[in-house]
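Below is a walk through one protein model, from a single loop residue out to a sheet and the nonpolar cores. Please keep the sequence and the structure at hand while reading.

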Amino acid sequence: FHAPDSWKVSHEQIIEMMRRQNTYTDESLDFMRRLLVRSGTGQSTAWPPGIVQCLEGKETDKTIEGSRKEAEYVIFDIVEKALKKAKVHPKEIDVLVINCSLFSPTPSLCAMVVSKFGMRSDVLTYNLSGMGCAASLISVGLAKDMLQRHRGKALVVSTEIITPNLYYGNERGFLLQNTLFRCGGAAIVLSNKWSDGRRAWYKLLHTVRVQGTGEKDYQCVFETQDEEGHRGVRLSKDIVKVAGKCMEKNMTTIGPYVLPLSEQIKVVYSLMVRFFFKTLRKTLTSAGKEKWAVNLPHPKVFVPDFKRGIDHFCIHAGGRAVIDGIEKNMKLELFHSEPSRMALLNFGNTSSSSIWYELEYIQEKQTTNPLRKGHRVMQVAFGSGFKCTSGVWLKL
């Protein structure tokens with residue numbers, strides 16, 4: 001989704017929109033301004049017209065109708081473009097999956113698309129909510145599983161609706177959502193019919209989802225109310241640590257599918273060494289020899305070189321710090337993280353659809369690492385719960 005110019009605003013206009021809500025303190029406005037400066041987002045990113053209209057002296061539209069209008073504008077646009085590019089008629093779609101984390105109206109967004117495009121009455125529809133920025137690859141995985149039952153075509157739609165999700169309080173843990181998230185969306189047509197193979201752009205090789213199960217995992221991205229009753233999404237201080245552990249598990253799972261044997265051997269050796277010292281430490285402690293246990297080394301986790309099995313990386317544009325951290329931990333080159341940084345700069349954090357803006361950049365604009373036939377592209381995203389999802393595509 002590429003928003004019209006009337007939706008695009010600069011950092012100063014965003015702060016002005018916040019000021020015109022007449023609910024934020026000067027300290028909160030200054031805090032949001034500092035967040036914008038460090039966010040990595042550009043000076044022309046999209047906000048919904050229901051909020052942007054306050055710059056013209058109109059009242060901010062907080063209604064369900066205003067939210068539905070944003071959803072219709074974004075979703076109808078990307079679905080129409082996806083079907084046109086794939087040369088697919090709406091009635092050819094067998095499975096429809098739409099993910100939108102924070103806006104789940106009745107009738108559902110799936111029903112809205114089926115009605116608008118006149119899809120078949122027996123189309124299988126699934127509306128996913130509450131899964132955050134990781135939801136797009138979860139939707140792809142669901143569509144893949146459904147298509148394995150019978151050959152056909154699936155349409156996956158990923159978006160986030162901003163209109164009803166502005167936070168109107170002053171607690172800092174909630175304010176980040178007002179400065180980072182932007183309007184966006186993407187639609188993808190999938191098929192497992194052999195006749196569609198000749199015109200396909202990519203082949204899906206693998207999808208992996210890892211779900212955290214601890215209380216910190218559950219609480220680190222949490223929709224709730226602040227002390228004054230304002231609804232918003234609270235981000236915990238533990239989010240970086242939780243995301244790191246979740247991503248480590250995900251990469252360990254997907255590694256054997258994409259890494260060469262030499263890297264896999266190093267990973268297995270590293271795990272064996274860590275397990276040995278962990279077991280020895282427990283044994284010494286139980287035997288009353290704590291001093292010996294304390295002096296044992298703590299081998300670092302071996303990070304395999306994914307660059308040996310992957311040519312391009314689409315890292316969820318969750319913020320500049322997220323991209324910096326993954327680039328450092330995975331030892332990526334600057335041209336590997338370039339698509340993520342450019343997506344963040346040009347579009348902001350568009351939630352689950354951000355990885356598709358990055359793939360579009362790789363396909364159409366990147367010159368430092370041009371996409372070629374046979375290249376493998378890895379997408380990595382994070383979501384509330386806490387989840388880390390990854391997918392690997394082969395360029396055809």
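S384 touches G130, M131, G132 and V221, leaving aside residues up to four places away in sequence. This is a predicted model, and the contacts are read from its coordinates. S384 sits in the loop between β11 (376-383) and β12 (387-395). Is S384 buried or exposed? With a relative accessible area of 14%, S384 is buried, because the cut-off for that class is under 20%. One of its contacts involves polar atoms: a polar atom of the S384 side chain lies 3.3 Å from the backbone oxygen of G130.

Helix α6 covers residues 135-147, which is 13 residues. From its first C-alpha to its last it reaches 18 Å, close to the 18 Å expected at 1.5 Å a residue. How many of the residues of α6 are buried? The count is 10 of 13, so the helix is mostly covered. The buried residues include the run from A135 through G141, that is A135, S136, L137, I138, S139, V140 and G141. Further along α6, A143, M146 and L147 are buried as well. As background, an α-helix has 3.6 residues a turn, so residues three or four places apart point the same way.

The sheet can be traced strand by strand. An open sheet is formed by 4 strands in the order β4-β3-β5-β6, with mixed pairing. β4 (124-128) and β6 (184-191) stand at the edges; each has a single partner strand, so one side of each is left without a neighbour in the sheet. From one strand to the next, the twist averages 10°. Within this sheet, β3 and β5 pair in the parallel sense over 5 bridges. One point to locate on screen is V97, whose bridge partner in β5 is V156.

The largest has 53 residues, and M17, M18, W47, L96 and V157 have the most contacts inside it. Elements giving two or more residues to this core include the helices α1 (11-19), α2 (26-39), α3 (49-52), α5 (109-117) and α7 (172-180), along with the strands β3 (95-99) and β5 (153-160). Which element gives the most to this core? That is α4, with 8 residues. As for M17, its contacts are V9, W47, I51, V52, C54 and L55, again not counting residues up to four places away in sequence.

Terms used. Residues are numbered from 1 along each chain as its sequence is written. This is a predicted model: local features need pLDDT of at least 70, side-chain atom pairs count only at pLDDT 80 or more; totals for chains, interfaces and linings use all residues. Side-chain values use heavy atoms; hydrogens and water are left out. The expected span of a helix is 1.5 Å times one less than its number of residues. Buried means under 20% relative accessible area, exposed over 50%, partly exposed in between (1.4 Å probe, protein chains only). A polar contact is a pair of N or O atoms within 3.5 Å; within protein, one must be able to donate a hydrogen and the other to accept it, and residues adjacent in sequence count only if both atoms are side-chain atoms. Contact means heavy atoms within 4.5 Å. A nonpolar core is a set of buried Ala, Val, Leu, Ile, Met, Phe, Trp, Tyr and Cys residues joined through side-chain atoms within 4.5 Å. Two strands pair if DSSP finds at least two bridges between them. Axes are lines fitted to C-alpha atoms, for helices over the stretch in contact, and angles run from 0 to 180 degrees between N-to-C directions.
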